[in-house]
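This report concerns the packing of the structure shown below. Please keep the sequence and the model in view while reading.

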Amino acid sequence: LDFVLSATALRAVLDRAPELGIGRTVLDAVRRTRERTGTNTNLGMVLLLAPLAAVPLGLPLEPGVAALLDRTTLDDACCVYEAIRLARPGGLGRVAAQDVADPPTENLRAVMRRAAERDLVARQYAHGFRDVFRDGVPALVDACAAGLGWENSIIRCHLHLMANHADTLIARKRGPNEAAESARMAAAVLGAGWPATDQAQQLCADLDAWLRGAGHARNPGSTADLVAASLFAVLRDGTINLARLARPAGPQP
C-alpha cells in the first residue's frame, strides 16, 4: 500500500519535471511521498525517474538525459541533498567529501560522480544512465520478444541487472561479499534457463529466500530502482507497447 500511495504522489511532480528541473523534481517528489507515507519507499526511483521525466516529450531519452546531466547546477545538488535527508535512506554512512549531511559545494553530477563507485543510482548520473539504456532496457525488450509476458520480463530484467551489477544497497547494509553473492546467485538462475527449467525455478526460489533472510537486510533495492527506470524508458519511448503485450495470445476479434 505504501508503494501504491507513493506512486500516486509522483505523477503530478514528474509531469512538471521539464519545467522544474532535476533537483526540484526530486525534492518535491520526496516531500509529496512523505506526506502520504511514513517511510522511504522511492528515493532511488525518484532520483532516476526525475532526469528521465525532465527530457521534453519528442526528444529521445538517452541523449536528452545526457544533455540535462551536463547542465546540472549547485542548486540541483542542494535540492537532492535535502531530499535525501528528508527520505532518510538506510545504510548511508559518512564520507569525507560532499557528504549529504553537509551543504554541497559542487553541481549535482559532480557529487554523484564521487559516489558512483559505491552506489548504482549515482553511477547512472555519472555515466549517462548507461546501465539503464544498455542493460536494463535491452533485457526487458528481449524478454518480451521471447514471449515471457510482462511480469516474467520484469523479473528477468531484475535478474539480469543484479547478475551484472552487484546491488549496492546490499553492499552498504551487508558488505561487498554478500552483494557479490547476490550477483552470483542471480547469474546462476539465468544460466539454468529461467523460467523454462525446474532447476532454474528452484534456484530462483533459493535466491528469493536468501534475499528475504537476515531480517530483509539483503533487499536488492538498488537493482529495483534500475528496473523502475528501465520500465519508464521503454514505456515512455514506446519501445514496448504495454497494451499490445497485455492482449491474450491467439486470434483477436
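## Basis of the model

The model is predicted; local features need pLDDT of at least 70 and side-chain atom pairs count only at pLDDT 80 or more, whereas totals for chains, interfaces and linings use all residues. Residues are numbered from 1 along each chain as its sequence is written, and side-chain values use heavy atoms, with hydrogens and water left out.

## Nonpolar cores

A nonpolar core is a set of buried Ala, Val, Leu, Ile, Met, Phe, Trp, Tyr and Cys residues joined through side-chain atoms within 4.5 Å. Buried denotes under 20% relative accessible area, exposed over 50%, and partly exposed the range in between (1.4 Å probe, protein chains only). The largest core has 54 residues, and those with the most contacts inside it are Ile22, Val26, Leu47, Leu52, Leu108, Tyr125 and Phe129. Helix 4 gives the most to this core, with nine residues; helices (H or I, at least four residues) are DSSP runs numbered from the N terminus.

Beyond its neighbours within four places in sequence, Leu52 is in contact (heavy atoms within 4.5 Å) with Leu61, Val65, Phe129, Phe133, Ala229 and Phe232. A second, separate core of 15 residues includes Leu159, Ala179, Met185 and Leu190.

## Helix 5

Helix 5 spans residues 61-70, and Leu61, Gly64, Val65, Leu68 and Leu69 are buried in it. These buried residues fall within an arc of 130° seen down the helix axis, so they line one face of the helix; the arc is that of the directions from the helix axis to the C-beta atoms. Their cover includes helix 3 (22-36), helix 4 (43-54), helix 7 (108-115), helix 8 (120-126), helix 9 (130-145) and helix 14 (221-236).

## Aromatic rings

Rings of Phe, Tyr and Trp (its six-membered ring) pair if their centres lie within 6.5 Å; planes under 30 degrees apart count as stacked, over 60 as edge-to-face and the rest as tilted. There are two aromatic pairs. Tyr125 and Phe129 form a tilted pair, 6.0 Å centre to centre with 50° between the planes. Phe129 and Phe133 form a tilted pair at 6.5 Å and 40°.

Tyr125 is buried, Phe129 has a relative accessible area of 0%, and Phe133 is buried at 12%.

## Cysteines

The structure holds zero disulfides (pairs of cysteine sulfur atoms within 2.5 Å). For Cys144, the nearest cysteine sulfur is that of Cys157, 9.4 Å away. Cys144 is buried at 12% relative accessibility, and Cys157 is buried at 0%.

Terms used:
Helices (H or I, at least four residues) and strands (E, at least two) are DSSP runs, numbered from the N terminus.
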